Amino acid sequence: IGIDELSAQGISLEQNFPNPASGNTVIHYSIPAYGKVKLYVTDVLGREMKILVNGNEADGEHQSELNVRNLSNGMYYFTLEYNGQKAVRKFVVEK
């Protein structure tokens, strides 16, 4: 399922800002109903680097902030999992 299809179903993962990130970056996402949410960062090899959200959340818009100071320069991915659906966005760390 692509990002546009997920948005039509009510799940949305927006591009982080700023991108490239050098300090803190903010991720906005929304879910259509109360449910289990996991938002995490992986490297290009798929290794989980940081879990930002892991629990039940109410419907609506949410945001999470990531401090990238402990990440090396390079490309990473944000992944949002919600009730069996998944959305992914890539971002760059550049210090």
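Biologist: How far is the backbone nitrogen of Lys95 from a polar atom of the side chain of Asn73?

Modeller: The distance is 2.9 Å between the Lys95 backbone nitrogen and a polar atom in the Asn73 side chain. A polar contact here is a pair of N or O atoms within 3.5 Å; within protein, one must be able to donate a hydrogen and the other to accept it, and residues adjacent in sequence count only if both atoms are side-chain atoms. This is a predicted model, in which local features need pLDDT of at least 70, side-chain atom pairs count only at pLDDT 80 or more, and totals for chains, interfaces and linings use all residues. Residues are numbered from 1 along each chain as its sequence is written, and side-chain values use heavy atoms, with hydrogens and water left out.

Biologist: Where does Asn73 lie, and which residues does Asn73 touch?

Modeller: Asn73 lies in the loop between S5 and S6; strands are DSSP runs (E, at least two residues), numbered from the N terminus. Leaving aside residues up to four places away in sequence, Asn73 touches Val93, Glu94 and Lys95, where contact means heavy atoms within 4.5 Å. The C-alpha atoms of Asn73 and Val93 are 4.9 Å apart, although 20 residues separate the two in sequence.

Biologist: What is the strand order in the four-strand sheet?

Modeller: The order is S4-S3-S6-S7, an open sheet with antiparallel pairing. S4 and S7 are the edge strands, each pairing on one side only. From one strand to the next, the twist averages 15 degrees, with axes taken as lines fitted to C-alpha atoms and angles running from 0 to 180 degrees between N-to-C directions. Two strands pair if DSSP finds at least two bridges between them; S6 and S7 have nine, in the antiparallel sense. Within that pair, Thr79 stands opposite Val88 in S7.

Biologist: And the three-strand sheet: what is its order?

Modeller: That open sheet runs S1-S2-S5, again with antiparallel pairing. S1 and S5 (60–67) stand at the edges with a single partner strand each, so one side of each has no neighbour in the sheet. S2 and S5 pair over eight bridges, and Thr25 has Leu66 in S5 as its bridge partner.

Biologist: Let us turn to Glu57. Is it buried or exposed?

Modeller: Glu57 is buried, meaning under 20% relative accessible area (1.4 Å probe, protein chains only). Glu57 has no salt bridge, and the nearest side chain of opposite charge, Lys36, is 10 Å away. A salt bridge would need a side-chain nitrogen of Lys or Arg within 4 Å of a carboxyl oxygen of Asp or Glu.

Biologist: Which side chain does Glu57 join in a polar contact?

Modeller: That of Tyr29, at 2.8 Å. Glu57 itself is in strand S4 (residues 48–57), and the residues it touches beyond four places in sequence include Tyr29, Ile31, Val37 and His62.

Biologist: Where are the cis peptide bonds?

Modeller: One joins Phe17 and Pro18, with omega about 0 degrees. Another joins Asn19 and Pro20, with omega about 10 degrees. Pro18 is in the loop between S1 (12–13) and S2 (24–31), and Pro20 is also placed in the loop between S1 and S2.

Biologist: What is the phi of Asn83?

Modeller: Phi is near 45 degrees, a positive value in a residue other than glycine. Asn83 is in the loop between S6 (74–82) and S7 (85–93). Most residues other than glycine have a negative phi, and most peptide bonds are trans.

Notes:
Buried means under 20% relative accessible area, exposed over 50%, partly exposed in between (1.4 Å probe, protein chains only). Lys and Arg count as positive and Asp and Glu as negative; His and the chain ends are not counted.
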